[in-house]
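The paragraphs below walk through a few residues and strands. Please keep the sequence and the structure open while reading.

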Amino acid sequence: MNNISFVLPRRASLLQAYTQKIPNIYTTDFPPVPRVITLAMSLAGCASLVQIVLQDTSVFSKEDHPVLLHGYHFCVVGQGFGNFNPSRDTANFNLVDPPQRNTIDVPVGGWAAIRFIADNPGVWFMHCHIDAHLAWGFGMAFIVENGVGEAETLLPPPSDLPQC
């Protein structure tokens with residue numbers, strides 16, 4: 001996404017690295033836009049409300065992408081063909097009764113806009129469900145920090161958790 005290929009860590013899981021503060025497992029310098037447009041993602045956040053616009057504008061070939069976000073159900077506020085235009089397309093978002101999903105199909109040569117409340121702490125993987133695309137690095141992880149109260153706080157790992 002945004003021309004950054006996701007590479008699974010080999011020394012520790014992303015969740016271990018986050019909770020145990022293990023350095024050099026992941027970076028947080030995800031670019032807001034790609035240098036060359038392939039599949040683009042733009043993020044907009046307000047407190048714990050996250051909006052993601054997934055854009056399929058590959059310069060080599062256009063293809064649909066079934067994108068899954070683990071740990072959440074999200075609202076599909078908009079979808080369309082061609083390039084997403086924030087000034088035009090945002091005005092047509094369905095904010096009244098948007099469908100709720102955990103997987104969205106980004107249309108061939110089009111876009112999909114989703115929103116969710118980031119209130120489930122942990123490290124959550126988002127990736128394309130086409131196996132080859134996942135192997136090519138079409139994925140990313142969201143780190144959702146603890147919120148307020150017990151229901152929004154990540155439990156520590158059990159003392160007998162086996163090491164990876």
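**From a strand residue to the paired strands**

Ile143 counts as partly exposed, because its relative accessibility is 33%, and the limits for that class are 20% and 50%. The model is a predicted one. Ile143 belongs to strand E9, which covers residues 139-144. Leaving aside residues up to four places away in sequence, Ile143 touches Tyr18, Tyr26, Gly122 and Val123. Pro121 is 22 residues from Ile143 along the chain, and the C-alpha atoms of the two are separated by 7.5 Å.

A second stop is strand E7, made up of residues 110-117. Six of its eight residues are buried, so strand E7 is largely enclosed by the rest of the structure. Which strands pair with E7? One is E2, which pairs with E7 in the antiparallel sense over seven bridges. Within this pairing, Val53 has Ala113 of E7 as its bridge partner. Another is strand E4, residues 74-81, and its pairing with E7 is also antiparallel, over six bridges. Here Gly80 stands opposite Trp111 in E7.

Strand E2 spans residues 49-56 and contains Gln55. Is Gln55 buried or exposed? Gln55 has a relative accessible area of 8%, and the class "buried" takes in values under 20%, so Gln55 is buried.

The last stop concerns cysteines. Cys75 has a relative accessible area of 25%, and is therefore partly exposed. Cys128, in contrast, is buried, because its relative accessible area is 1%. How many disulfides are there? The count comes to zero, where a disulfide would require a pair of cysteine sulfur atoms within 2.5 Å.

Methods
Residues are numbered from 1 along each chain as its sequence is written. This is a predicted model: local features need pLDDT of at least 70, side-chain atom pairs count only at pLDDT 80 or more; totals for chains, interfaces and linings use all residues. Side-chain values use heavy atoms; hydrogens and water are left out. Helices (H or I, at least four residues) and strands (E, at least two) are DSSP runs, numbered from the N terminus. Buried means under 20% relative accessible area, exposed over 50%, partly exposed in between (1.4 Å probe, protein chains only). Contact means heavy atoms within 4.5 Å. Two strands pair if DSSP finds at least two bridges between them.
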